[in-house]
Amino acid sequence: MATPMTADQLVKALRAEGVRIKEHRSWRTHNRNHKGAWGPVHGVYIHHTAGVGAGLADYCYNGSPDLPGPVCHGFASKSATVYLIGHGRVNHAGGIARNAFNAALDENSTHPRPDVAEPIDGNVHFYGLEIENKGDGKDPYPTEQYDQAVRWAAAHCRFHGWSADSVIGHKEATRRKIDPSFAMGGFRADVAERLKHHASWSPGDKTEPSKTNPQSEEDTDMTPAQEALLKKLAADVAELKKQQAVAPWTYRNAKLDAESKAAGHRIPDMHGRIEQLQTTLDAVAAAVTELKKGA
């Protein structure tokens with residue numbers, strides 16, 4: 001369960017994810033909160049508009065006599081711009097099946113065929129995106145428009161710490177709907193791929209700072225405490241290598257020492273050397289344990 005984002009948090013999250021937003025009219029205060037609760041939120045709903053053309057952003061904002069607006073939180077146009085339509089409770093989901101709701105709530109990798117009964121008010125618990133498309137299976141989704149929809153969904157998941165399995169299509173929540181007209185499994189896979197990277201990532205981007213290299217100066221995912229532990233770990237390893245390479249060995253057995261010198265070589269006190277190595281390794285292990293706690 002999660003508290004819905006504030007309008008400012010939403011704008012920040014979307015922009016960080018690379019969503020090209022347009023704040024439409026008074027979207028920040030435009031909602032249906034007077035009709036019921038908004039939140040806690042559990043996931044993201046994807047829709048298609050079943051129509052294309054000018055004026056769809058206004059339709060999403062105003063709705064119709066049978067379905068008063070706003071009818072979504074965001075509207076992804078064919079021009080690959082996401083209009084922010086409403087903030088709060090909006091008329092996008094309606095009743096949904098409990099098994100579909102539970103699958104999103106539990107972030108299951110399998111999304112079952114929805115039950116006939118629809119006891120859950122989806123408008124309370126989901127963010128909704130309308131994608132401009134006729135929904136006839138023939139009207140294409142331009143690459144940039146689709147990418148913006150993926151980014152929109154990923155931004156919500158990233159903010160709340162959800163996996164891509166919190167994203168469902170309207171057709172996966174009720175038997176009454178067929179939207180969106182693309183496979184949701186593929187869409188979730190694309191959202192999941194985005195979530196493996198930084199928010200600013202784009203497919204084919206080879207300049208992204210590595211999230212697996214803890215010593216990357218550009219990696220901003222580490223806390224100061226973790227960075228300090230890494231420096232200590234690096235220093236311990238460096239000291240260990242230094243000792244192995246150049247540190248003198250000590251001798252505790254005078255008889256062996258004399259015999260080794262007479263033979264022209266040295267025999268080290270292996271017990272002392274092992275203790276020296278163990279002390280350093282213990283320090284390294286302790287640093288790694290602390291890093292795992294903070295990860």
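Which residues of helix 6 are buried? Keep that in mind as you open this predicted model; we will get there in a few selections.

**Start with the whole chain.** Colour by secondary structure and you will find nine helices and eight strands. Of the 295 residues in the protein chain, 45% are buried. Take the contacts between residues at least 6 apart in sequence: 70% of them join residues at least 24 apart.

**Next, select residues 184-195.** This is helix 6, with twelve residues. At 1.5 Å a residue it should span 16 Å, and its end C-alpha atoms are 16 Å apart, so expectation and model agree. Now show the side chains of M184, F187, R188, V191 and R194: these are the buried residues of helix 6, which settles the opening question. Turn the view to look down the axis of helix 6; the buried residues fall within an arc of 115°, so they line one face of the helix.

**Finish at the largest pocket.** Its volume is about 360 Å³. Select H47, L67, E130, H170 and K177 to centre your view, as these are the closest to the pocket centre of the 21 residues that line it. Then highlight strand 2 (43-48) and helix 2 (56-62), the elements that each give two or more residues to the lining. Helix 2 supplies the largest share, three residues. Coloured by residue type, the lining of the largest pocket divides into eight nonpolar, nine polar and four charged residues.

Technical notes: Residues are numbered from 1 along each chain as its sequence is written. This is a predicted model: local features need pLDDT of at least 70, side-chain atom pairs count only at pLDDT 80 or more; totals for chains, interfaces and linings use all residues. Side-chain values use heavy atoms; hydrogens and water are left out. On a 1 Å grid over the protein atoms alone, a cavity is a set of points where a 1.4 Å probe fits but cannot get out, and a pocket is an open set with protein on both sides within 12 Å along at least five of seven lines; lining residues have an atom within 4 Å of a point. Grid points are joined across faces, edges and corners, and a volume is the space filled by probe spheres set on the points. Helices (H or I, at least four residues) and strands (E, at least two) are DSSP runs, numbered from the N terminus. Ala, Val, Leu, Ile, Met, Phe, Trp, Tyr, Cys and Pro count as nonpolar, Asp, Glu, Lys and Arg as charged, and the others, Gly among them, as polar. The expected span of a helix is 1.5 Å times one less than its number of residues. Buried means under 20% relative accessible area, exposed over 50%, partly exposed in between (1.4 Å probe, protein chains only). The arc is that of the directions from the helix axis to the C-beta atoms. Contact means heavy atoms within 4.5 Å.
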